[in-house]
Amino acid sequence: MTALVRYRLTTLLLSQRYLAPLLLFTVLVTVLTADDTGPLTAAHAAAATAMLLAATWLTMALGGLEDRPHHAVLTATAGSARRVLTGTVLTALLASLPLTALGLALPLLLGTHHPTAADLLLGVEAQLTCACTGTAVGLLCSRPLLNRQGYALLLALGLLLVLTVTRGLPPVNLLLTRLSAHDRAAGLLGSTGLLLVLSAALLAAAAALAHVLGTRRA
């Protein structure tokens, strides 16, 4: 699995398809947190929103790295479609880690804050929650499930819209609502941790569904 993840990550880097989601993430966090002097919880909400979009885009980019013949070769080399799917998930999550660090650093560099350990931990929890959720969306909107980019983009936008604007819907809308409404990070660590667990379960369910549907389409 390590070799597969290394291959997927190397292919992503060489293709430069990571540049667009990286730029999107950086611009969003910069615009939304520049000159901010308020509580860091609001900055975490901005970074988490940017992470949701970037993680979805990264996962879809990973799903589109190979055409059908090359994907068949990769599956045969890896041993099974399940292993390729698992490698894609792990690669997407690994690619989200530098963004998480960037999402923590930019608000501190661009604004005036005095972060505590609880502030930083909450930021990590929030961004990883959206990274897992974005990866789940990306899996359901990329190859081999959807081969037409237009349909994939429309489905991704629809799912992201539902996740972010449906009032009280966990994990994303509930997370963003809590971060925007509270200014004490310590009081949100427990509930945000539960949302992170929920997002991981959502990712596992999306991966299972993607495997079943992808196998039927093969």
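Where does Pro 171 lie? Pro 171 is in the loop between α7 (149–165) and α8 (172–181), with helices (H or I, at least four residues) and strands (E, at least two) taken as DSSP runs and numbered from the N terminus.

1. Basis of the note. This is a predicted model, in which local features need pLDDT of at least 70 and side-chain atom pairs count only at pLDDT 80 or more, while totals for chains, interfaces and linings use all residues. Residues are numbered from 1 along each chain as its sequence is written, and side-chain values use heavy atoms, with hydrogens and water left out.

2. The cis peptide. Pro 170 and Pro 171 are joined by a cis peptide bond, with omega about 0 degrees. Pro 171 is also one of the residues touched by Leu 202, together with Thr 133 and Ala 136, when residues up to four places away in sequence are not counted; contact here means heavy atoms within 4.5 Å. Most residues other than glycine have a negative phi, and most peptide bonds are trans.

3. Leu 202. This residue belongs to helix α9 (residues 189–217). Leu 202 is partly exposed, its relative accessible area being 33%; the scale used is buried under 20% relative accessible area, exposed over 50% and partly exposed in between (1.4 Å probe, protein chains only). Between Leu 202 and Val 137 there are 9.5 Å in space, C-alpha to C-alpha, for a separation of 65 residues in sequence.

4. Positive phi at Gln 16. Gln 16 is not a glycine, yet has a positive phi, near 65 degrees. Gln 16 sits in the loop between α1 (2–15) and α2 (19–33). With a relative accessible area of 49%, Gln 16 is partly exposed.

5. Positive phi at Asp 35. A positive phi, of about 60 degrees, is also found at Asp 35, again not a glycine. The loop between α2 and α3 holds Asp 35. Asp 35 is exposed, at 67% relative accessible area.

6. Helix α3. This helix covers residues 40–63, 24 residues in total, and reaches 34 Å from its first C-alpha to its last, close to the 34 Å expected at 1.5 Å a residue (the expected span being 1.5 Å times one less than the number of residues). Of its 24 residues, 19 are buried, so α3 is largely enclosed by the rest of the structure.

7. Packing of α3 on α2. The axes of α2 and α3 are 9 Å apart, and the angle between the helices is about 165 degrees. Axes are lines fitted to C-alpha atoms, for helices over the stretch in contact, with angles running from 0 to 180 degrees between N-to-C directions. The angle makes α2 roughly antiparallel to α3 (under 35 degrees counts as roughly parallel, over 145 as roughly antiparallel, 65 to 115 as roughly perpendicular and the rest as oblique). The crossing is right-handed, meaning that the near helix is turned clockwise from the far one by less than a right angle, anticlockwise being left-handed. Residues meeting here include Phe 25, Leu 28 and Val 29 in α2 and Ala 50, Met 51 and Trp 57 in α3. The contact has 16 nonpolar residues, 1 polar and no charged; Ala, Val, Leu, Ile, Met, Phe, Trp, Tyr, Cys and Pro count as nonpolar, Asp, Glu, Lys and Arg as charged, and the others, Gly among them, as polar.

8. Ala 50. Within helix α3, Ala 50 is buried, with 0% relative accessibility. Leaving aside neighbours within four places in sequence, Ala 50 contacts Phe 25, Leu 28 and Val 29. Its C-alpha is 9.2 Å from that of Pro 21, which is 29 residues away along the chain.

9. Packing of α3 on α5. Helix α5 (residues 81–110) and α3 have axes that come within 9 Å and cross at roughly 150 degrees. This makes α3 roughly antiparallel to α5. Among the residues making the contact are His 44 and Leu 62 of α3 and Thr 91 and Leu 104 of α5. By class, the contact comprises 14 nonpolar, 7 polar and no charged residues. The crossing of α3 past α5 is right-handed.

10. Two residues from that contact. His 44, in helix α3, is buried at 4% relative accessibility. Apart from residues up to four places away in sequence, His 44 touches Leu 104, Asp 119, Leu 122, Gly 123 and Leu 179. Thr 91, in helix α5, is buried at 0%. With the neighbours up to four places away in sequence not counted, Thr 91 touches Val 5, Arg 8, Leu 9 and Leu 62.
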